[in-house]
Protein chains: 4
Amino acid sequence: MTLQATQTGFVEPSLIAGVQERFDEVRRHSVKLGEPLSEEDCCAQSMPDASPLKWHLAHTTWFFETFILERYERNFSPSNPAFRVLFNSYYNGVGEKHPRAQRGLLTRPSLDEVLSYRHQVDNRIAALLHGDGDLAPIVQLIHLGLHHEQQHQELMVTDVMHLLSMNPLKPAYDTRLPLRHAAPPPLAWRSVESGVVHIGHDAVVQDGFCFDNETPRHRQFVEPFALAQRLITNGEYLQFVQAGGYENPSLWMSEGWEWIRSQGIRHPLYWQSADENRWQEFTLHGMQPLDLAAPASHLSWFEADAYARSVEARLPTEAEWECAVTQAAQPAGPNAQGGQPDLQQVFGACWQWTSSSYAPYPGFAPAGGAIGEYNGKFMCNQHVLRGSSCATPAGHSRASYRNFFPATARWQFSGIRLAKSLG
Amino acid sequence: MTLQATQTGFVEPSLIAGVQERFDEVRRHSVKLGEPLSEEDCCAQSMPDASPLKWHLAHTTWFFETFILERYERNFSPSNPAFRVLFNSYYNGVGEKHPRAQRGLLTRPSLDEVLSYRHQVDNRIAALLHGDGDLAPIVQLIHLGLHHEQQHQELMVTDVMHLLSMNPLKPAYDTRLPLRHAAPPPLAWRSVESGVVHIGHDAVVQDGFCFDNETPRHRQFVEPFALAQRLITNGEYLQFVQAGGYENPSLWMSEGWEWIRSQGIRHPLYWQSADENRWQEFTLHGMQPLDLAAPASHLSWFEADAYARSVEARLPTEAEWECAVTQAAQPAGPNAQGGQPDLQQVFGACWQWTSSSYAPYPGFAPAGGAIGEYNGKFMCNQHVLRGSSCATPAGHSRASYRNFFPATARWQFSGIRLAKSLG
Amino acid sequence: MTLQATQTGFVEPSLIAGVQERFDEVRRHSVKLGEPLSEEDCCAQSMPDASPLKWHLAHTTWFFETFILERYERNFSPSNPAFRVLFNSYYNGVGEKHPRAQRGLLTRPSLDEVLSYRHQVDNRIAALLHGDGDLAPIVQLIHLGLHHEQQHQELMVTDVMHLLSMNPLKPAYDTRLPLRHAAPPPLAWRSVESGVVHIGHDAVVQDGFCFDNETPRHRQFVEPFALAQRLITNGEYLQFVQAGGYENPSLWMSEGWEWIRSQGIRHPLYWQSADENRWQEFTLHGMQPLDLAAPASHLSWFEADAYARSVEARLPTEAEWECAVTQAAQPAGPNAQGGQPDLQQVFGACWQWTSSSYAPYPGFAPAGGAIGEYNGKFMCNQHVLRGSSCATPAGHSRASYRNFFPATARWQFSGIRLAKSLG
Amino acid sequence: MTLQATQTGFVEPSLIAGVQERFDEVRRHSVKLGEPLSEEDCCAQSMPDASPLKWHLAHTTWFFETFILERYERNFSPSNPAFRVLFNSYYNGVGEKHPRAQRGLLTRPSLDEVLSYRHQVDNRIAALLHGDGDLAPIVQLIHLGLHHEQQHQELMVTDVMHLLSMNPLKPAYDTRLPLRHAAPPPLAWRSVESGVVHIGHDAVVQDGFCFDNETPRHRQFVEPFALAQRLITNGEYLQFVQAGGYENPSLWMSEGWEWIRSQGIRHPLYWQSADENRWQEFTLHGMQPLDLAAPASHLSWFEADAYARSVEARLPTEAEWECAVTQAAQPAGPNAQGGQPDLQQVFGACWQWTSSSYAPYPGFAPAGGAIGEYNGKFMCNQHVLRGSSCATPAGHSRASYRNFFPATARWQFSGIRLAKSLG
């Protein structure tokens, strides 16, 4: 089931109960992410790329209102006509949008009003779901809306983290999460032979949801390569920093070099040093001594690419990443290659930059109407990240998932898995 | 008593009680200004020039802590060492400052913490005031701090007004204030003869407070001129708009013309029109039909200057303004010029742009130390405004007061009183 | 023979004569490009992306001096030590560079001095080529330098064209070139079946030069597709303009839409209209009535991509382009697909934007040292263009050639060849 | 005779000859200023504030064509209709203007064509001057045009100097001018008593030309002050640099401090140091060892103001400057104050920044029509400079002359004459 599908048909009552349960669970989780925060924390915007948590809470609700209630509710009338503009993120097909960089100025509606907006839309979705009429397209759009909301749940964490990092008091977001990592094993390589592979969401094997950009499944040829079995650690990245990696133009893309020079970038986004031997990192727990065993994170593509070059490796293509991860996930058969290391930290640690620009798969067709703007219109000047991070909500990771950000984005939990060409 | 004075000497106990009373009153008023607002409203910053209300509440407290407690309290220890940087506005002599454009990101300390900071400093000031030791310099600095706080009270209103104006919901700040104005009398002119006049705060006649920039009192020669008896109204300014004032370069300073073209400015800051015949204005009550009788307000110096040129008049110099206002305030003696109109709207309506650049008076000397940065270092590329506005707190207006803003500032209650040369 | 190769070995004397002849010819052609221009025309720089013709003449000479004379000439001494910095384009490995945006301020050295610099270096290269020692690496670097110079010859034309276009007098560069195009045939499609194809420079079949970015030759899988037999014409593109293509966000990449809105872009770079029915285009002949039969040119990637979407097609990947062009070039064998149209305008009309981001081929390794900066460090945020244009010098086109520019670049002769997925 | 006067009346034939002679002389001098330069040097523009020498040559000619020939020539037809836009500097009343920052892109018309434009207009002016009709207004406008051209002659030198300074080769403009200065006398002060003084061009005593901004003559009151008898030297300014003047915020205007920090300014525009003890200065002779006896030059108002503060002095107001200079020029009468030092370097060394913002004199009225834009529309955010510089042409200096530039302008020969308040 992908973003754009709009089949009709009978939907089993038992299925409805499951959808309602999942809906409640995901929607509740968003609100829960705001609990450690004040009303003020939820309203501020630290940069145009990031949004206030309150805005995320409202926008994810707007998505259900605009793409489901507005289409399927009888006698639909908007919760508040102004919200159609205020909480539209980027859908030109829906109409006007509040300027992105001014989201932090929306002190009204208040957080309470937004929570009450959520409540009202939740009730109306529930009513729709338990009403008569053709439920199939509604159920599909609810799934889409929930996956959309899960994407925003990750952004809520990373956007709040960025906001708090800008505060000289360096407050913690939530200290309940464990942070320390065990010492990593030595870096090892998992090799993959050349051949034609299938890339993209496999609707036959995986019956779950996917976004339109993961389709259509298609063939690619991969030359022989090897993939690192784990992510690069802070300790390894620190060596790059200390060896002058940020002062050596031969390691950098030309545009990346201009960027780090003009911005004065000398280390990962959240690192800070009193002196060269005492590094700290801003985390969800506030400032902490740099954990050398943890995966290096909050790296731009430019930094990931330069690091790889410094160790005579490279970033994987997204096809290489997907193919290796898929193969590693399959039970080793009788012809299994012996001695291949297991892939670690594929999901749940850091997103992994690939060398691939974000582009449509051969035969890609976005959904019709405004919802077709979801993914397709960003296929330029972005790089694909694969895997998922510690901020990704449960149930939102899969091998075919394509995350994407510009080469300078650093506020996500983005790290490095190396690759190298063989043969 | 001016900003820089630091005499010592015995202070009457009865005076102390008065100081304490005034202190309590001014400090209470600041908090009161936040009452119609939410925690979020108090945290957001709509542009670098404006500050969050919470920041104003903290900074005015920082002023007392830094310039009084730190100097005069025995065993001084800061409320919170981080506040010294966070709430320093522009005093390089005090040390580092939090970047001005990032004040809206300070979701911590919370509003409650700031209110409690205020409470604590208030108590410590009270203890100091009722302790032994040389109270004279302390009382002087308290007065300075209270006048400083009153300046910020005006900014709290204008900064919040700007924030709310940026919200598409156009919320009201406080609807208790009356807004409608009576129809104004026809424009009339009060003439003043040429001669040497005394300009600046007159410590002999007025025993009250003044800022250092109002001193020293000195002589200026004024050529004969006339000053309009009232401010230009919205109705009059609307004629300028409708007659193409914003499309006619011959009315504008070269820099002003470039500015209105590049910014697309076609009317006063808070005006808005559905069509040419139905104008609205954003006010402290939210959007309202344009009140033609009210003084035109929220005008830049460029607009005020262009308007004056369009009616073949000009803006007064600050010496002309002060001289005319001072003469008009004196009882008409036996040689009084008959038939001169009384000056109206001198205080309490809109600040009045003058043609004078903000510059030191002959013999001006700022206070020593960081407090000398209060006024002197802004004497470049600013124009003086005289009078006071509806947002100026009671007791903060006087004829020698010199307000100042760059030629493009529009978010203050700034209007137009015309002048013309005679003879 | 690729950019990075540095074999040694004996070089046949007859080969040397050929190299010298080609050297003279290419070098002469650069100077010839400046002939229709004044000293002033050759000095000005119209935007940071473009360089003055005089600078191109000096930089291409610097290339020979720095990468050949400095390495291989006995007792090398620089023509002028300042030139090492002044005429370094982007080689960090060579050292400092004169700021790119200030190339137009280099009124010294004069054009005459630059021509004399060329003459001097040409003589020294000739001496080296006819001296003893190991000539193999020198010959290779000369070939590289000549291909480098040919790239700059194209830029000389496009950069001068841009400069002249900024002049309200709209002067012609050279009216000797024919401009009019014959009416094009109806658009037809050449289809290609799916399969593994070989992409990249084939050193076995083509013994000529290639840049490092065309290697290594490797395999890719292409899904079935079809490629348009000719380029989109001005007439066809005009329909897109007149149908509101620039006002319809659903046709554009999100970043492209923001870009055309913020820049006010409504038509190709050099088009101009008095009214909607009388379009002109600035050409090498100056302003001319828009030639509807000519290929649409000076388009950004964003415009090419939007146009393709508007006709329900897409841009080809570079692999598709190369594969189709290679197949079309081969003699039709006994199993030839009947009725396939011949590909037209592959070379010599306009460069053709592909959907492919510029990225290293699997196994790509740039040359060592500063010369490795030639191509590799630009592999980010650029799109590949294939083919060649009317400004490309003779002998500088081949099927594996990878030109690249950012998605907003418009001053090259860049056009559209459509593709579509099949099956 | 001021800019705006337009009397009519009979003009003596002998006067005509004198006008023609002066016309020829001034016009010839402009061309002479370009003689040490190449065609390229005359075309380039180093920053938006500066213009190419060729542009100055054309614009000063445009002035005569537009304001004289167009009005007074029978059957006027423009030399080239495009020039009306190309060479309009800032006269909105004349119509469109070529964008200021793109003057360096005007490689056409060529320098030869501009010289021929000059020749043609010169001939037509001469014909007009020797024709019949009312010559009085023509003669007046010719005088205005010549003074206008002399202003541009100063800019030709300073603009070319800036261009050459941007060239790493640091070429000399003209080495015929003497550069070395004799050791200056110790700083001494000339005091002036308080009183009402007359400021502005005195048409009775001085029968020569003045610009409209020097009128009307009017009264000002000056408090007692003293003026330094000479300018501050490089040696004195170097002490300021070495004592950390650029690192001490308490010496600077707030806006000036932000400006020097953000721009990295640490010394006068044309100074350069290999190490702290070996300073050089770029001059019209190219790079030279810093001449400690020469007046410090190429200073912004911010630097001049900060320097004055560092030595516990200040800049004079323009009234103080004019009054002191006028008094010093008068023969000492019987009541002469004994022992007052003579003022040196009043004219011909460096322009002297005053503390005065550029504002209209009381009763100022600009000329009607486009020519009224000459001065009046710049009376905002500029400071007045008095005196004249080594680049000012002969016959273009007078005590009432008001030059003006923004507080950040540094490319003029602008220096420091100190003042202090007395009594």
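Biologist: What share of the interface residues of chain A are also interface residues in chain B?
Modeller: The share is 100%, so the copies meet through the same surface. This is a predicted model in which local features need pLDDT of at least 70 and side-chain atom pairs count only at pLDDT 80 or more, while totals for chains, interfaces and linings use all residues. Residues are numbered from 1 along each chain as its sequence is written, chains are lettered from A and ligands numbered from 1 in the order in which they are written, and side-chain values use heavy atoms, without hydrogens and water.

Biologist: Which rotation superposes chain A on chain B?
Modeller: A rotation of 180 degrees with 0.0 Å of shift along its axis does so, at RMSD 0.0 Å (least squares on C-alpha atoms of residues with pLDDT of at least 70 in both copies). The two copies are therefore related as by a two-fold rotation axis.

Biologist: Turning to chain D and chain B, how much area is buried between them?
Modeller: About 2400 Å² is buried, and carbon and sulfur atoms give 55% of that (accessible area, 1.4 Å probe, lost on putting two parts together, summed over both). In chain D, the most area is lost to chain B by D:R219, D:F221 and D:N381, together 24% of what that side buries.

Biologist: How many salt bridges are there across that interface?
Modeller: The rule finds two across the interface of chain D and chain B, a salt bridge being a side-chain nitrogen of Lys or Arg within 4 Å of a carboxyl oxygen of Asp or Glu. The side chains of D:R219 and B:E223 form a salt bridge at 2.8 Å, N to O.

Methods. Contact means heavy atoms within 4.5 Å.
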